[in-house]
Every structure is written in structure tokens, then in C-alpha cells.
Amino acid sequence: MCRYNDLKESRERAAAHVKWCEEQANRAKATKLYMEAITGLATDWRDRDPGKYHPVWFFVKEFDATICPNRGTNTVTKCDGFWIASFADDPTQVVIGRPIEKSFWSSQAPPPTPVPLGKWKEVAEVDCPKCKHKAIVVGCYEQTDDSAEGDTWELSIHSLCQECLTMSELARSWSDYRFCSFGKDGHLLG
Ligand SMILES: [Zn+2]
């Protein structure tokens, strides 16, 4: 039997269900990014032009951030990033360095580019903002806008919690040109 008088109540229940579905979709999206970050921690040391074609993920040893009043967010002022050989998808090659392809003009391939490496105990830790357990600190570098009006490059630092499977952004910086390098000393900024 139809309950015509309850139509408004049905609408409210449907709206609550939509809200629940949207929250689940957002949660799934965030968890997918969490998985991509962990994959990147193993593979992104290979990137020939870090951040140009996809986000590059790395472990963070030390970082500093200052509060930026204009944006209401924390700005990265120091970020010491690296990869861990035993976690890399090719533990032997990562120690040798990122291979560089031989160019058309030269007869020999250039030597591999050194990859900044560190140990598990060097990974920075913070309290997870969501569940307060200890979480590791990871970084991400990517070009987020590539247009005639100008480019945008972003460096962001996140806690990655293995307890509640969430990442929380700790700080972010923007630039209209490449501002990170993955040099031998591993310093990404400054
Ligand atoms: Zn957590």
C-alpha cells in the first residue's frame, strides 16, 4: 500500500542515502590515492622527468613548513626526499642509479643518475591526524597545470597511516616552474 503522506519522509531518506553513497565514493577515491602513493614509493625513482607526466611519490626524511596566511595552508620550506632500496621494485638497479638511455648521437650510454636512498629508520613520523597512531611522512611532486597561460608545479607532504589507511596533507607548495630536483644529496628544496 502506497503511503502518499510519507513522500516527504521518503525524499529525506533518499537524500540521506545519496549523502552516504557520496561519502563512500570519496572514501574510495582517497583510498585509491593511498594505494597509488605506496606503489609510487616503490617505482617512482625511475622517473626521467619527475612529476612531468604523473605524480612522483617518495619518502620524506626531514621537512619544514610554515603557515601561509593567504592560503590558510602550510607551505613547504624544506623537504628531504628519498627512496628505500629494499622497498624499490628493482633493489639492485636503484642502488646503481636510474638508467639513462643512449642518445642517437653518442656511441655510449651515459652513466646512471644516482637515486637518493635512505633507510626505514630515517623516514619521518608524525601523529596521524585521523587516528593519532604514528604515521610515516611521504611527499608528492607533480605538474598540475600545463597551459599557454603558464605551468603549475606542486610539492605536497602527507602523513601515510598504516593503521587507518588514510593520508592527510601536512603542507603544500606551488610554483610556476620546476622547483624540485632529485639530486645526489636528495634535497628536493633549498
Ligand atoms: Zn591513522
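Modeller: Let's start with contacts. Of the contacts in the protein with a separation of 6 or more, 54% are between residues 24 or more positions apart; two residues are in contact if their C-beta atoms, placed from the backbone, lie within 7 Å. Bear in mind that this is a predicted model, in which local features need pLDDT of at least 70 and side-chain atom pairs count only at pLDDT 80 or more, while totals for chains, interfaces and linings use all residues. Residue numbers start from 1 along each chain as its sequence is written.

First, the outline. The protein has two helices and seven strands, where helices (H or I, at least four residues) and strands (E, at least two) are DSSP runs, numbered from the N terminus. Reading from that end, the order is α-β-β-α-β-β-β-β-β.

Now your core. Buried residues make up 23% of the 190 residues; a residue is buried if 20 or more other C-beta atoms, placed from the backbone, lie within 10 Å of its own, exposed if 12 or fewer, and partly exposed in between. A nonpolar core is a set of buried Ala, Val, Leu, Ile, Met, Phe, Trp, Tyr and Cys residues joined through C-beta atoms within 7 Å. The largest one here has 29 residues, and those with the most contacts inside it are Phe58, Phe59, Val60, Trp83, Val138 and Ile157. Two or more residues each come from β1 (56–68), β2 (73–84), β5 (134–147), β6 (150–160) and β7 (167–175). The top contributor is β1, with six residues.

Zoom in on Trp83. Leaving out residues up to four places away in sequence, Trp83 touches Trp45, Phe58, Phe59, Ala88, Val94, Val115, Pro116 and Leu117.

Next, how are those strands laid together? Two strands pair if DSSP finds at least two bridges between them. β1 and β5 are antiparallel partners over four bridges, and Trp57 stands opposite Cys140 in β5. β5 also runs antiparallel to β6, joined by eleven bridges; Ile136 has Leu160 in β6 as its bridge partner.

Thr77 lies in β2 and counts as partly exposed because 13 C-beta neighbours are inside 10 Å. Beyond its neighbours within four places in sequence, Thr77 is in contact with Asp64, Ala65 and Thr66. Ser168, in β7, is partly exposed too, because it has 15 other C-beta atoms within 10 Å. Its contacts, again leaving aside neighbours within four places, are Cys128, Pro129, Lys130, His158 and Ser159.

As for the overall outline, the C-alpha atoms fill a box of roughly 85 × 40 × 40 Å along the principal axes.
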